[in-house]
Every structure is written in structure tokens, then in C-alpha cells.
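Dear colleague,

I am handing over the structure below, and after it I set out what was found. Please read the notes with the model open beside you.

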Amino acid sequence: MAITRADAEALDEADPLAWMRARFTPGPPGLIALDGNSLGRPPVSVAARLAALAHDWSQRRIDAWDDWMQLPSSVGDLLASEFLGARPGEVVVCDSTSVNLYKVGAAALDAGDAGRNVVVTDDDNFPSDRYVLAGLAASRGGSVRYVTTDPVEGVDPERVASALQPDVGLLSLSHVAYRSGALADMTAINEIARRADVPMVWDLSHSAGAVRVDLEGTGSDLAVGCTYKYLCGGPGAPAFLYVRASRQAAMCQPIWGWFSQRDQFAMGPEYDPVDDIGRFTTGTPPVLGLVCVEEGVRLLASAGIGALRSKGMALGVLAVDLADEWLAPLGFRLASPRRATRRGNHVALAHPDAENLCRRAAAEGVAGDFRGPDRLRLGLAPATISFVEVWDALDRLRAVSASPSS
């Protein structure tokens, strides 16, 4: 039975998260922004929060640092409790995802046997992660071992297990695949790593704020991730890192700085890091970015990850059903797992001319993104996207794909 626009309107009328869209700054008229998996929209409250910070900067000047210096840990605790399934004191917001991956990866390798200098990741992991991990391995005279990944279904735990030979000192994977949206089995892979006595670092960049993450319950020890996608922290917003409390004091991250120093303002000659999550910080926190992250996380937390995940899956089901009905006859194929529970919040569609179609769709007001060699990604951020927008976007993409390229 054909899916009508009226069907999508009915879904919007029943949407318990419909109120959230007004809490975000709207984009240009007519634009359907299906790129929230790359950059989330700004909450309306961000402007006032930045204005208040500017006032403190002007009037309180350096006295305001008493408040600002707490932001990496206080925003980290908020993230931990609302979106990461972690405990207070296990998450800190700082630096970029790549820098944080380097820090926790190096700390994990250095805490292990020096002879275990092979790093394992998958061949479809995000490029920056692969580059950082290759650099870590090379600096220790080792190499990277790549697990072959199904480009649609994602990482197979059995293949991961086969790669964890005695020479492996670190395993790192993305929880949600950046191209296909495939959701990895965190519990199973953590258990595989634990049996092999290999430290495991998760990249949660496409997970945080989109899918349920339970770092404590799944036995995760280390994780990193960004805040500018589904958490709406803004362009270049600081990332986060997680280290289980029981692992913190035994790990020494490689970028020593005064913000992890035990007696910071003594300005002493020797480095003596604190024993808690603060030892993974380095330099002065990016305060403007941190307050934007806090606004995004607080707003999304008011909805709750359960409601956000439910709507994200429903948006994905609609997109997949419409793609089957309208786009498959035009040469598209689904390049994400078909089951909603196996996907994050973006749907990938493969087409030989995907890059050109992505450009043409953008000219018609549909902002998705292209990922080589042949994928068009549709990011379905549940806080900001309506069901009608999904219907309209797929309808415009159908029209573009059915018409000759100019």
C-alpha cells in the first residue's frame, strides 16, 4: 500500500517529540536538513547562553574562571548520566575526538606489554580514527591489523575475535558505522576483548544522543566521541572521553598539561597528575564550546534517550519504506541494515551516480551528504526532523533521480 503524505502528517500529529523542533533555531525556508549526523542544529537557548558568557567575560573577567574551569567535568557528568550509561567522574569534555582517541589509545598501549604493539580496527572505520591508530602503532614499532567489514551490516564479532592474536595491544571500533549506520554489538565485542586481554576503545561519535549507550552495563573501559552531531554542540565543539573509574589511576595519557596537574597553580617543576578523570585533560578548556555543548545536552536530556531513539527508528523505517517504494526502481539500493534496531539514526542509499544526485538534491532543498564510493547518507536527527520532512525529502530525491541530469 502506497505511503501518502497524509500518513506522514498523521505520524507528526502523534509525535511526542514534536515540541522539540521549536526549541532549535530554524534553517533557511524550504531546506530539509538531513545532515544532522554531521552537524546538529543550534538550540535557541545557545544565543542567550553565549551572551551571558560574554557578560561574565566582560564584567567578572578572570574571576569567572572559578565557574568555567568546572565545565569539562560538569558537562561530562551530564553526558555520562543522560546519554552514555556511565557514572559521575568517568567522562570529561575536552579536545577533539581524534586527540582524545590518541590520548586514551596511547595510555592503554603504554599500560600493557610493550611487545603487544599491533592495533586492531576495521577497514571501514572513520578515516581519522584509522590514521590516529596507525600512528600509534607505528610509534611503537607495530602495525595495524584491519578486520574486513561488511559495508552494509558492519563489524562481525567473530572476525574481531580472529584478529585478536597475542601480539595485539589495542582494539578500537566505532559503535555506529559512519557510512552505513550499522550498530555494532558492544556487549559481545567487549567480552571478546576481555577474554583476549586487549583494551577496547569505542568511538561513540554517531551514537551519543542517537542510540542507547550503556558503557557501565556493557563492561566498557574506554570511549571517545564528538558532541556536534546528535548532541548539537556546534561546529568544532569539544569532544568527550570516557575512562572507567577503576582504570583511571593506572593509565597515563601522553599529552601532559597543567590542567591535569595535582596542584595546578603551584606551577611546580615536576608533572604529578591527579588520579581521577582529570588526568586526561591537558590545557585550557574551550569555554565557549563547552557552554554550547551543555545547552544541547540539557535540551536533548529533557526528551530522554528512550524517546529520541524510538523516534529515530520510526523516521528510519519511513525513509527505508519510501526508498523501497520510490527509489529502488530508479537504481538505488539500501546500504544500511534493514532492521531498525541494527541501525543508528542515519540511512545510507547506494547509487552509481550518488555524488551527482546528492548535489542535485541539495539544489532542490534536500541537504544530505555523500560518502564514497557510492553512498548518499540521510541523517534523521529525531529532535529536529519531522516525518513530513522525510516524506518530502524522499519525494524530491525521487523527482531528481527520475529526471535527466542537466
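Asp392 and Arg5 form a salt bridge, with their closest N and O atoms 2.8 Å apart; the term stands for a side-chain nitrogen of Lys or Arg within 4 Å of a carboxyl oxygen of Asp or Glu. Asp392 belongs to helix 13 (residues 387-402) and Arg5 to helix 1 (residues 5-13), so the pair ties together parts that are 387 residues apart in sequence. Helices and strands are DSSP runs numbered from the N terminus, helices being H or I of at least four residues and strands E of at least two. Asp392 is buried, with a relative accessible area of 16%, whereas Arg5, at 33%, counts as partly exposed; buried means under 20% relative accessible area, exposed over 50%, and partly exposed in between, with a 1.4 Å probe and protein chains only.

Before going further, please note that this is a predicted model, in which local features need pLDDT of at least 70 and side-chain atom pairs count only at pLDDT 80 or more, while totals for chains, interfaces and linings use all residues. Residues are numbered from 1 along each chain as its sequence is written, and side-chain values use heavy atoms, with hydrogens and water left out.

The structure holds 30 salt bridges, and two further ones also involve the loop between helix 1 and strand 1. Lys311 pairs with Asp15, the closest N and O atoms being 2.8 Å apart; this pair links distant parts of the chain, with Lys311 in helix 11 and Asp15 in the loop between helix 1 and strand 1 (32-33), 296 residues apart, and both Lys311 and Asp15 are buried. The side chains of Arg21 and Glu389 meet in a salt bridge at 3.0 Å, N to O. Because Arg21 lies in the loop between helix 1 and strand 1 and Glu389 in helix 13, the pair ties together parts that are 368 residues apart in sequence. Arg21 is partly exposed at 29% relative accessibility, and Glu389 is buried, with a relative accessible area of 13%. There is also a network of salt bridges, which links Arg87, Glu90, Glu216, Asp221, Arg244 and Arg247.

Turning to the strands, an open sheet of 7 strands has the order 2-8-7-6-5-3-4, with mixed pairing, where two strands pair if DSSP finds at least two bridges between them. Strand 2 (91-93) and strand 4 (143-147) stand at the edges with a single partner strand each, so one side of each is left without a neighbour in the sheet. From one strand to the next the twist averages 20 degrees; axes are lines fitted to C-alpha atoms, for helices over the stretch in contact, and angles run from 0 to 180 degrees between N-to-C directions. Strand 7 (residues 222-225) and strand 8 (residues 240-243) run antiparallel and are joined by 4 bridges, and Leu222 stands opposite Val243 in strand 8. Helix 8 (residues 186-195) packs on the sheet, where it touches strand 5 (168-174) and strand 6 (200-203), and its direction makes about 155 degrees with that of strand 6. Contact here means heavy atoms within 4.5 Å.

Asn100 lies in helix 5 (residues 97-111) and is buried, at 0% relative accessibility. A polar atom of the Asn100 side chain lies 3.4 Å from the backbone oxygen of Phe240. Leaving aside neighbours within four places in sequence, Asn100 is in contact with Cys94, Asp95, Val224, Ala239, Phe240 and Leu241. Among these residues, Asp95 has phi near 55 degrees, a positive value in a residue other than glycine; Asp95 is found in the loop between strand 2 and helix 5 and is partly exposed, with a relative accessible area of 32%.

A search of the whole structure finds 0 disulfides, a disulfide being a pair of cysteine sulfur atoms within 2.5 Å. Cys252 is in no disulfide, and the nearest cysteine sulfur, that of Cys94, is 15 Å away. The sulfur of Cys358 is 19 Å from the closest cysteine sulfur, in Cys226, too far for a bond.

Finally, the peptide bond from Gly372 to Pro373 is cis, with omega near 0 degrees, and Pro373 is found in the loop between strand 12 (369-371) and strand 13 (375-379).

Technical notes
Polar contact = N/O pair within 3.5 Å; in protein donor to acceptor, adjacent residues only side chain to side chain.
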